[in-house]
Amino acid sequence: MGSKYPPSVRFCLPPLTIVLEVLFIVLFVFYTSYDTSLGNQRKFLETYGVFQDVIIMAALGLGFLTSSLRRHCWSSVAFNLFMLAFGVQWAVLLNGFLEQPSSGGIVINLYSIQLATMSAMSVLISAGSILGRVNLVQLVVMALMEVTAFVILRTFGKKFLYMDDHISLTYSHVFAAYFGQMVDWRLSKPLLEEAKEKVQMATGPGLFAMLGTLCLWIFWPSFNSALLDVTDERKNALFNTHYALAVSAVTAISVSALSNPGGKINLIHIHNAVLAGGVAVGPSCHLIPSPWLAMVLGLIAGLISIGGAKCLQVCLHHQLGIHDSCGVRYTFGWPGLLGGVAYIVQMVLRVDWTWNPMMDQQVLIYMGMLAWVVAIGMLSGLLTGLILKLEIWKAPHEAKYFDDQAFWKFHHLATGF
Amino acid sequence: MGSKYPPSVRFCLPPLTIVLEVLFIVLFVFYTSYDTSLGNQRKFLETYGVFQDVIIMAALGLGFLTSSLRRHCWSSVAFNLFMLAFGVQWAVLLNGFLEQPSSGGIVINLYSIQLATMSAMSVLISAGSILGRVNLVQLVVMALMEVTAFVILRTFGKKFLYMDDHISLTYSHVFAAYFGQMVDWRLSKPLLEEAKEKVQMATGPGLFAMLGTLCLWIFWPSFNSALLDVTDERKNALFNTHYALAVSAVTAISVSALSNPGGKINLIHIHNAVLAGGVAVGPSCHLIPSPWLAMVLGLIAGLISIGGAKCLQVCLHHQLGIHDSCGVRYTFGWPGLLGGVAYIVQMVLRVDWTWNPMMDQQVLIYMGMLAWVVAIGMLSGLLTGLILKLEIWKAPHEAKYFDDQAFWKFHHLATGF
Amino acid sequence: MGSKYPPSVRFCLPPLTIVLEVLFIVLFVFYTSYDTSLGNQRKFLETYGVFQDVIIMAALGLGFLTSSLRRHCWSSVAFNLFMLAFGVQWAVLLNGFLEQPSSGGIVINLYSIQLATMSAMSVLISAGSILGRVNLVQLVVMALMEVTAFVILRTFGKKFLYMDDHISLTYSHVFAAYFGQMVDWRLSKPLLEEAKEKVQMATGPGLFAMLGTLCLWIFWPSFNSALLDVTDERKNALFNTHYALAVSAVTAISVSALSNPGGKINLIHIHNAVLAGGVAVGPSCHLIPSPWLAMVLGLIAGLISIGGAKCLQVCLHHQLGIHDSCGVRYTFGWPGLLGGVAYIVQMVLRVDWTWNPMMDQQVLIYMGMLAWVVAIGMLSGLLTGLILKLEIWKAPHEAKYFDDQAFWKFHHLATGF
């Protein structure tokens with residue numbers, strides 16, 4: 001049995017990451033160049049605004065959303081930044097290699113950076129499932145694996161299932177949720193009593209997590225509309241996401257009070273379920289023609305998110321030993337599936353009016369997209385989980401789960417919040 | 001006498017809000033549709049940026065501004081989000097019904113959503129007066145009443161007093177402050193000793209409230225310019241608000257130190273008074289032709305805000321029993337009145353140069369606007385206060401005032417900040 | 001020896017600041033007017049977005065970055081806001097007087113406000129060196145001195161060394177760092193044991209400082225591109241800063257783990273070193289033609305920032321008694337010098353291709369810019385330090401260093417975080 005002191009990552013993390021970083025730079029030297037074509041300049045600055053919103057969601061929103069673990073908040077925020085900065089570089093390279101295979105060089109423009117950032121966000125989401133039970137080395141390995149899997153998903157999805165970037169990126173939440181679940185399942189161990197105490201939420205971390213939630217809530221419409229080109233579609237995407245989020249916020253808080261015997265609201269539900277509407281409306285946000293449909297989606301998303309958190313959480317935890325540190329399953333998993341189903345229904349209804357023999361096939365393709373996303377998510381997650389279980393990564397000991405002190409230099413006086 | 005345990009809102013809040021939410025959706029089904037006219041697309045995306053700023057102010061700014069109550073910060077932030085999400089839906093419907101009464105359907109575009117968000121902000125402001133002493137059911141009822149009153153104010157103000165949207169929305173601060181005062185007055189009870197301890201500010205909540213203040217300070221120019229159409233007026237509005245805020249920040253901090261015998265600054269003053277300049281310059285921000293006028297307004301606003309907080313707070317508290325949990329009166333009330341007077345003076349000076357027989361009437365109209373706003377605010381606030389006093393809302397017991405534990409599921413270990 | 005109770009600033013701060021504020025207003029009355037020429041309106045609103053990003057960096061980013069001092073966080077954030085609001089007004093006036101000396105009046109437009117805000121940011125950076133050991137009166141005096149010195153630097157740099165605004169503003173980090181160092185050096189006294197305990201970082205302030213870091217990290221590309229006019233240069237500036245920041249974040253976290261015997265990361269390093277890439281790439285960000293160069297700069301910046309923090313911090317502290325409360329030296333000082341050298345190399349390489357006799361002179365000019373910035377920073381910092389040491393400012397006693405209680409009204413119950 002191992003020591004209770006966390007194994008030092010000193011001779012593991014820095015060499016690995018610095019070697020990878022140098023490797024990235026070398027690849028950038030030989031394969032990338034900036035797009036020097038003078039495109040539409042006005043559009044560039046408009047798009048940059050949306051890109052900024054996405055970065056705020058990734059760095060501030062997802063960073064603080066996972067900071068509710070009382071003793072693990074420094075790690076949550078800082079590791080999130082690390083994975084983002086790391087994942088973006090890898091995703092730009094990989095996207096370039098797979099999408100522009102023949103041209104010999106990767107042209108970097110705002111679109112490719114934005115795509116890379118949104119791909120890297122799936123890593124940040126999955127990490128929410130296992131935060132507190134892994135070290136940064138494992139997260140780096142996971143980032144490499146997951147970005148690779150997601151880029152493969154996108155490339156083949158585009159080629160064989162006609163998934164455009166908007167669809168694959170809004171499906172990335174589902175992908176990330178199931179990826180995270182599988183990693184979590186492979187890594188899960190029964191929690192010790194002392195670790196259980198550390199997951200309890202205190203006032204300060206609860207507020208920081210609320211800050212993350214609010215950043216995501218405010219900028220989610222930008223995420224859903226980021227890859228749409230036609231202004232009319234963007235407008236619909238913005239409005240529908242806005243309404244879905246408003247309704248899911250109201251629903252989540254109400255249902256959370258309903259589900260507690262004393263009528264008390266659970267802040268962990270709120271952190272996650274208010275966002276369910278944005279996830280659920282994602283794939284079809286540009287197609288929904290009137291606000292009430294988006295609102296209904298938001299209502300259902302809020303309901304299944306809280307319902308799932310309440311009922312399935314306990315049962316999955318006991319049966320499969322899945323912990324899901326930050327509730328990724330009910331924030332992104334189920335609402336994402338709902339969104340997939342809503343997209344399929346929308347597309348089928350659209351096709352339906354002019355009956356054609358291809359319809360069956362098209363319906364199959366729409367269903368295939370969702371299945372493909374879930375399948376790749378689970379398979380690559382399983383593989384990643386197996387790799388992360390290896391001894392070489394020096395995972396923290398169970399007694400040091402959810403504990404910043406395993407990773408951070410603390411002054412003896414400063415342990416309280 | 002009631003139990004000290006807070007009455008559960010389990011069979012009160014969720015049924016009420018979910019029924020209302022479903023009702024909203026049904027109304028949206030029958031009466032609303034998206035604006036499909038392809039307007040100026042560039043303008044759409046510009047305006048969306050300003051709209052985003054307003055949402056940041058409402059969700060982050062006003063949410064965290066009220067989080068300074070040491071034991072009530074979760075409720076402050078989350079209830080703020082709830083009221084915003086709820087109020088926006090009701091305001092869109094009501095604005096539509098009263099402004100487009102004949103057309104049979106409400107066309108939803110960015111302008112109507114923005115107007116609804118800004119109308120809902122008045123609820124968030126008023127809530128600052130009574131937070132900690134009411135439950136979420138009461139806040140929902142207040143949101144319904146206040147949005148209704150404000151939409152009525154706007155509609156009749158537009159018809160009979162020629163108030164355009166910019167004026168009514170910048171006057172909304174005054175409306176909200178007096179609405180909140182009246183509700184507060186009806187609900188006020190002497191505070192128990194244990195509740196008094198809970199209103200003291202600790203370091204963490206103080207910083208979170210500062211975060212809210214800064215978000216409001218940064219984006220206030222966007223709020224003041226949001227409903228102006230002419231670029232030149234917007235430019236003036238942005239600059240004047242910028243200068244007024246800069247001067248009121250300097251003044252507020254200085255005068256707060258001056259007003260304390262030991263020269264110590266009161267953070268509660270700072271949270272509120274640095275914003276006084278933005279409120280005071282609001283109605284006339286597009287008319288002021290040179291920066292120094294805005295700066296003088298900012299200076300006076302800072303002075304009366306701190307002065308009022310210092311002198312009148314104590315006396316009003318003792319005489320009328322008004323508590324004003326988060327200092328709404330001196331953030332929005334007095335500076336708002338100053339802004340109203342400044343607007344009247346500006347308009348009178350403008351008219352004055354070309355003497356005409358209509359002048360008296362016009363001056364009366366300008367003064368009537370302010371009186372109308374204050375009157376409607378006080379009347380509807382009084383009515384709302386009487387309704388909220390009813391037993392059926394299961395208001396928290398005085399011993400549980402300012403206490404998150406009345407509303408939130410807490411883990412036994414996590415009571416400290 | 002003085003009393004341990006902090007001398008009250010009651011009869012010192014408010015009179016000084018209010019007199020200055022009134023003086024500013026009077027100067028604005030006589031010398032300023034808004035730019036009423038109808039420029040390119042679209043461009044105005046675009047530029048306003050960038051200006052907003054800069055304000056977010058100044059008020060939120062730099063405000064919270066310095067809030068990591070456990071017992072000094074209220075002062076850090078609020079004094080930062082004060083200096084910003086104050087410095088902006090002074091900088092607008094001074095920039096106007098020195099740049100438009102003959103025209104008799106200062107025309108205020110968005111560019112001049114933006115320039116003033118960016119100039120005032122140098123005060124906020126320098127303040128990070130001495131926060132906790134000075135009172136607000138001293139900071140006001142420093143703001144006056146530093147803005148004056150920086151405007152002189154810019155004016156003469158423009159006249160004699162052809163420094164454009166982009167160069168002088170990206171060099172402002174170096175200027176501010178060396179200015180702060182010198183002030184720090186003049187003010188430094190050995191810390192008492194009780195003060196040492198107060199500088200330790202606790203969980204909550206650590207997270208708030210992380211919030212500041214993230215705000216700066218997200219919006220740094222906007223700062224670096226704010227004063228560039230050509231869209232192509234802005235695009236390069238945005239992309240290069242983005243990549244440099246990504247690499248420096250990865251490098252900083254890795255190297256911080258490497259430099260600790262137990263492999264533990266130091267959060268203070270992270271707060272500062274992740275930003276080093278943005279500082280280093282600043283002056284040449286619009287010239288760098290491909291991403292890998294920016295990435296290399298980010299890598300080196302991260303290395304020297306952590307290396308310096310680790311090695312030189314201790315030695316400078318012991319030898320010169322420089323404390324550098326918030327690590328300004330390794331966030332802005334060294335990476336800024338690196339950025340200056342990178343700019344010189346870039347420019348020399350550019351000139352090199354077409355050999356001409358002027359080259360030597362041009363190289364000298366490029367080197368002269370950096371030397372000029374450092375020299376003015378050190379000289380004016382030294383002078384300011386000497387002035388701030390005067391007894392008349394009633395500096396806090398050493399026993400009250402790093403303590404909010406010296407400046408803020410506290411409730412007896414609310415001393416914990």
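How much area do chain C and chain A bury between them, and what share of it lies on carbon and sulfur atoms? In this predicted model, chain C and chain A bury about 5,600 Å² between them, with 75% of that area on carbon and sulfur atoms. On the side of chain C, the residues that lose the most area to chain A are C:Thr203, C:Leu207 and C:Phe239, which together make up 12% of what that side buries. The contact involves 59 residues of chain C and 61 residues of chain A.

Polar pairing across this interface amounts to eleven residue pairs in polar contact, both residues being at pLDDT 80 or more, while the rule finds zero salt bridges between chain C and chain A. Among the elements of chain C that each supply at least two residues to the side touching chain A are helix 2 (41–65), helix 9 (203–225) and helix 13 (291–320), but helix 10 of chain C gives the most, with 19 residues. By class, that side of chain C has 35 nonpolar, 16 polar and eight charged residues.

| Interface | Buried area | Carbon and sulfur share |
|---|---|---|
| chain A and chain B | about 5,600 Å² | 75% |
| chain C and chain A | about 5,600 Å² | 75% |

In chain A, the residues losing the most area to chain B are A:Thr203, A:Leu207 and A:Phe239, together 12% of what that side buries. Across the interface of chain A and chain B, the rule finds zero salt bridges and eleven residue pairs in polar contact, both at pLDDT 80 or more.

Technical notes:
Residues numbered from 1 in each chain as written. Chains lettered and ligands numbered in written order. Predicted model: local features only at pLDDT ≥ 70, side-chain atom pairs only at ≥ 80, totals over all residues. Heavy atoms only, no water. Buried area = accessible area lost by both parts, 1.4 Å probe. Salt bridge = Lys/Arg side-chain N within 4 Å of Asp/Glu carboxyl O. Polar contact = N/O pair within 3.5 Å; in protein donor to acceptor, adjacent residues only side chain to side chain. Contact = heavy atoms within 4.5 Å. Helix = DSSP H or I, 4+ residues; strand = E, 2+ residues; numbered from the N terminus. Nonpolar A, V, L, I, M, F, W, Y, C, P; charged D, E, K, R; others polar.
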